[in-house]
Structure formats: structure tokens, C-alpha cells
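Welcome, and please open your viewer. This tour moves from the whole chain to single residues, telling you what to select at each stop.

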Amino acid sequence: MTAKGGASPSPGGAGAAANGRFFTVGLVTAWYSSNIGVLLLNKYLLSNYGFKYPIFLTMCHMSACALLSYAAIAWLRIVPMQLVRSRVQLAKISALSLVFCGSVVSGNVSLRYLPVSFNQAVGATTPFFTAVFAYIMTVKRESWITYLTLVPVVTGVVIASGSEPSFHLFGFIMCIGATAARALKTVLQGILLSSEGEKLNSMNLLLYMAPVAVILLLPATLFMEDNVVGVTIELARKDFTIVWLLLFNSCLAYFVNLTNFLVTKHTSALTLQVLGNAKGAVAVVVSILIFKNPVSITGMLGYTLTVIGVILYSESKKHSKP
């Protein structure tokens with residue numbers, strides 16, 4: 001019995017809320033698992049397993065993204081299909097795909113030479129490059145507080161670099177290049193696909209970018225990675241596990257994009273921001289536990305400083321919005 005004037009809680013409403021919470025937790029778990037999983041598997045394949053073909057690996061990722069994106073949108077109807085309206089829009093998508101390829105390939109190359117923990121520390125400087133490119137390409141100025149928060153972001157990586165036991169200059173350059181290209185894609189996307197008629201959600205953008213990426217990467221892997229197809233077939237004959245690893249890794253690369261889209265859709269901006277900042281730290285801890293790469297206290301302090309800077313940067317951007 002309920003008190004006068006009161007209302008008893010609806011069992012159906014409580015159940016729906018609980019189901020909603022379980023669904024969100026499941027999504028976040030899948031997002032974390034796919035993100036960290038593809039990162040660790042890339043590292044294992046390119047460094048520990050000895051599969052030294054980062055461009056071919058990236059092409060496998062893009063092939064899976066193209067096929068699975070079409071299946072998810074055309075057949076499963078996860079999101080409505082958005083059509084490319086003009087050759088100009090297709091040219092813009094192709095330009096974004098080129099930058100995207102550069103980012104992913106550079107990131108995969110860096111994993112051959114750097115531990116995941118240091119790779120993530122450098123990757124955390126994305127806001128710095130985003131602010132730089134936004135200023136250069138759109139003359140968009142942020143508040144002085146926002147620029148100030150970038151100081152610990154960069155300082156932390158400088159400290160981590162100086163004390164990284166497994167530091168490799170070429171790997172570091174590739175990692176910086178990947179981070180800069182990722183930031184450039186974000187800024188370019190805002191410029192090139194800014195009109196209402198050209199805007200695409202992330203799933204449809206991937207649907208069109210992935211096939212273009214495959215077309216760009218195919219000649220690159222054939223010319224730059226000597227006899228990659230022959231070596232891969234020979235590896236498969238000796239140990240078919242490589243085929244399953246490549247297939248699983250490629251599908252996982254697609255699920256990174258899918259779960260990122262779904263988490264963005266089903267959580268608040270604040271939740272996404274907190275989860276995103278924590279994800280890199282979780283990846284660092286898991287990678288150290290699995291690969292047992294040496295780390296220094298100074299290096300971890302540097303990475304912590306970078307993460308604090310990223311959090312402050314995100315807060316500053318949030319408060320500076322009109």
C-alpha cells in the first residue's frame with residue numbers, strides 16, 4: 001500500500017532503467033575491450049609475432065571496415081544510409097581517407113619499435129596538435145587558459161620520452177606523425193564536411209572512407225612491403241594461426257569504430273570524456289602486465305602529467321563554449 005498522495009514506483013520502469021544501465025555498461029566494456037584489444041594485438045603481430053607488414057595489416061583493417069560497415073548499414077540498418085551527393089563530396093572524403101590512412105599506418109609502424117605504454121603517452125598529445133591545426137587552418141583562437149592547459153600535455157611527453165627505457169627515435173617520429181595526422185583529420189573533417197548537406201555520421205563516413213583507404217593502401221603495400229602476399233601465404237602454410245589472428249584483428253578494428261559510435265550515442269558528453277581519458281591509462285596498465293616492458297617511475301609521472309593536462313584541456317574547452 002502506498003501513502004496518500006504518493007505514487008508507487010513502476011516495476012516496469014525500474015526494470016527498464018536497470019536494463020538500460022546493463023546495456024550501457026556492456027557497451028562501455030565492449031568499447032574498452034575492442035580498443036585495447038586491437039592495440040595489443042597489433043603490437044603482438046608487428047613486434048612479438050614478427051609480422052613486419054604494418055601497411056598490409058592496415059589494409060586488412062580497412063577491408064574489414066568496408067565490408068562490415070556495409071553489412072551493418074545496408075542489412076542490419078544500425079543507422080540510416082547517407083548517400084554521397086556529389087563528386088566534390090567524394091573528393092573531400094577521399095582526402096580525409098588519405099590522412100586517416102597516414103595516421104593508422106604510422107601508428108602501426110610505431111608499435112613495431114615502441115611499447116604500447118609509451119605509444120599511448122605520445123598519443124595523449126592529440127589535443128595539442130588539434131589546437132595547432134585549428135589555429136593554422138581556421139584561425140580559430142582558444143582562450144589563454146585553454147592554451148595554458150597544453151603545457152602539461154607536452155611537458156609530460158617530454159619527461160616520458162627522456163626516461164623511456166625502450167625509446168626508439170624512428171618509432172617516436174612515427175608515433176608523433178600518427179598523432180598529428182589523427183588531429184589533422186578531425187580539423188579537416190570539420191572544414192570539409194561542414195555544410196548540412198555534406199555532414200555524415202561516423203558510421204557512414206567509415207563506410208565511404210574504408211574502400212578508398214583499401215585502394216590507396218593496396219599499391220603501397222605491394223611496392224613498399226617486399227613480397228608481402230607471398231610471405232603471408234608461406235606463414236599461413238606453416239602456421240594457420242596467422243590467418244585467424246589477421247581476421248580477428250581486422251574485425252576488432254571495425255568494432256572499435258562501431259562501439260565508439262554507440263557509446264557516443266548512448267552516453268553523455270561528460271561520461272564519454274571521463275571514459276576516454278581513463279581508456280588510455282587502462283591500456284597502459286594492461287600492456288605492461290602482458291608484455292612486461294620496463295617502465296620508469298619518471299616515465300609514468302610524465303604520462304600522468306600528460307593525462308592531467310588532457311583533462312584540464314577538456315574542462316577548459318567545455319567551459320569556453322558559449
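Predicted model: local features only at pLDDT ≥ 70, side-chain atom pairs only at ≥ 80, totals over all residues.

## The whole chain

Start with a cartoon view: the protein chain has 12 helices and 0 strands, where helices (H or I, at least four residues) and strands (E, at least two) are DSSP runs numbered from the N terminus. Residues are numbered from 1 along each chain as its sequence is written, and side-chain values use heavy atoms, with hydrogens and water left out.

Now zoom out and show the C-alpha trace, which spans about 80 × 50 × 45 Å along its principal axes. The radius of gyration of the protein chain is 21 Å, which agrees with the value near 20 Å that a compact globule of 322 residues would have. That radius is taken over C-alpha atoms, and the globule rule is 2.2 Å times the number of residues to the power 0.38.

The protein chain exposes about 16,700 Å², and carbon and sulfur atoms supply 70% of it; accessible areas come from the Shrake-Rupley method with a 1.4 Å probe, and for residues only the protein chains shown count as cover. Of the 322 residues, 46% are buried, meaning under 20% relative accessible area, with exposed over 50% and partly exposed in between (1.4 Å probe, protein chains only). Among contacts (heavy atoms within 4.5 Å) with a separation of 6 or more, residues 24 or more positions apart account for 86%.

## The cavity

On a 1 Å grid over the protein atoms alone, a cavity is a set of points where a 1.4 Å probe fits but cannot get out; a pocket is an open set with protein on both sides within 12 Å along at least five of seven lines; lining residues have an atom within 4 Å of a point.

The volume of the largest cavity is about 100 Å³, where a volume is the space filled by probe spheres set on the points, and grid points are joined across faces, edges and corners. Colour helix 4 (116-123) and helix 12 (297-320), as each supplies at least two residues of this lining.

## The second largest pocket

Next, select Ile-55, Val-105, Val-109, Ala-220 and Met-224, the residues nearest the centre of the second largest pocket, which has 14 lining residues. Its volume is about 210 Å³. Helix 2 (54-75), helix 3 (87-113) and helix 8 (202-224) each give at least two residues to the lining of this pocket.

## Single residues

Go to Arg-77 in the loop between helix 2 and helix 3. Arg-77 is not a glycine, although it has a positive phi of about 55 degrees. Is Arg-77 buried or exposed? Arg-77 is exposed, at a relative accessible area of 64%.

Then pick Asn-227, in the loop between helix 8 and helix 9 (228-238). Asn-227 has a positive phi of about 55 degrees and is not a glycine; it counts as partly exposed at 48% relative accessibility.

Finish at Lys-318 in helix 12, which is partly exposed at 35% relative accessible area.
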